[in-house]
Number of protein chains: 2
Amino acid sequence: MRGCSPVTFANSQPKIDPTALFKLSYGLYVITVGDEKDNGYISNTVFQVSENPTRIAVSCQKNNLSREIIEKTGILNVSVLTEDVPFEVIRHFGMQSGRDVDKFADFKETQRASNGVLYLSDFANAFISLKVISSLDLDSHILFICDITESKVLGSNDSCTYAHYHKSVKPKF
Amino acid sequence: MRGCSPVTFANSQPKIDPTALFKLSYGLYVITVGDEKDNGYISNTVFQVSENPTRIAVSCQKNNLSREIIEKTGILNVSVLTEDVPFEVIRHFGMQSGRDVDKFADFKETQRASNGVLYLSDFANAFISLKVISSLDLDSHILFICDITESKVLGSNDSCTYAHYHKSVKPKF
């Protein structure tokens, strides 16, 4: 014995390792919205939450301009990004605010869905038009629960997962 | 002219192609629960929906036994399945009901988290213990919004996505 016994923590709190959350899988999407002006942002939180009727949940940061527009118009489009998406598209839609720039001024790879909102016609294998039916306040975010009003497959390239983005799209510095 | 003109649908409804939904990306998880008896089921719908505080959403079919147990106990664990998960594990947890069989009678690759509920110690790279803070009725499903009470990384194997499951785990008949 060297005078140093192991420290034990009886009744210690369970540990939360935040890196365990990195193991959850997500896709990568451009969410597009529009009122007087078109706007869009990058999301990884789009998922089907029910069937009969089919409903889609989208979580959106509260401080996001698109969140304000969704709450005004009640509609949005999801473009499902593919593995060949260039980092520039992620940077363009995800790393600047529609408050500072018009994200569609120079981005022309788009079409307009029946709801009047743009979707991406390149780097996307599907788009889904959504209509918000309810929302849940989650402090930092709003979770929108939506009905589908239109959807179309645009191509056969594989969907970009968040894991693929980190491995192969995001530049390594 | 052969007496047969193309049919046009003016003002036709926008089309909903359900296969567009297959382009959304998901992970694959075993959700474990317990009251008098341990139970678990396969889910692809586990998402972080907010930060500060971090909250996780889990969508669960209403006719699921585990849904009843979650509503009674308010707690559940998520085991994040890895790419090496055998189809037998998916079949075991996902294609039979805890009403008919004790799913943990012969499945021993488990440990118990601090909340007293089992998690998978094999074929999983992380577990997350959740406490339900609110829920949303979505007709066919209930969406549980949860706080994290414990989480741990269990390994470094890649997480199994739903796409990987369909491509490489599910048997081709």
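In chain A, the loop between strand 3 (46–50) and strand 4 (55–61) is where A:Pro53 sits, with helices (H or I, at least four residues) and strands (E, at least two) taken as DSSP runs numbered from the N terminus. The peptide bond running from A:Asn52 to A:Pro53 is cis, its omega near 0 degrees. A:Asn52 belongs to that loop too, and its phi is positive, near 50 degrees, in a residue other than glycine. Most residues other than glycine have a negative phi, and most peptide bonds are trans. A:Asn52 is also exposed, at a relative accessible area of 68%; exposed means over 50%, buried under 20% and partly exposed in between (1.4 Å probe, protein chains only). Chain B has a cis bond as well, joining B:Asn52 and B:Pro53 with omega about -5 degrees, and B:Pro53 lies in the loop between strand 3 and strand 4 of chain B.

All of this comes from a predicted model, in which local features need pLDDT of at least 70 and side-chain atom pairs count only at pLDDT 80 or more, while totals for chains, interfaces and linings use all residues. Residues are numbered from 1 along each chain as its sequence is written, chains are lettered from A and ligands numbered from 1 in the order in which they are written, and side-chain values use heavy atoms, leaving out hydrogens and water.

Now for the interface. Chain B and chain A bury about 4100 Å² between them, with 63% of it on carbon and sulfur atoms; buried area here is the accessible area (1.4 Å probe) that two parts lose on being put together, summed over both. Each side brings 53 residues to the contact, contact being heavy atoms within 4.5 Å. Two salt bridges cross the interface, counted when a side-chain nitrogen of Lys or Arg is within 4 Å of a carboxyl oxygen of Asp or Glu. In a salt bridge, B:Asp139 pairs with A:Arg55 (3.2 Å, N to O). Strand 3 (46–50), strand 4 (55–61), strand 8 (124–138) and strand 9 (141–153) of chain B each give at least two residues to the side touching chain A, and strand 9 gives the most, with nine. B:Asp139 itself is in the loop between strand 8 and strand 9 of chain B, has a positive phi of about 65 degrees without being a glycine, and is partly exposed at 43% relative accessibility.

Beyond four places in sequence, the contacts of B:Leu130 include B:Ile56, B:Val58 and B:Cys146.

As for cysteines, there are zero disulfides over all chains, a disulfide being a pair of cysteine sulfur atoms within 2.5 Å. The sulfur of B:Cys60 is 10 Å from the closest cysteine sulfur, in B:Cys146, so the two are too far apart for a bond. B:Cys60 is buried at a relative accessible area of 0%, and B:Cys146 is buried at 0% too.

Finally, helix 1 (residues 65–73) of chain B has B:Leu65, B:Ser66, B:Arg67, B:Ile69 and B:Ile70 as its buried residues. The cover over them includes strand 1 (29–34), strand 2 (38–43) and strand 5 (75–81) of chain B.
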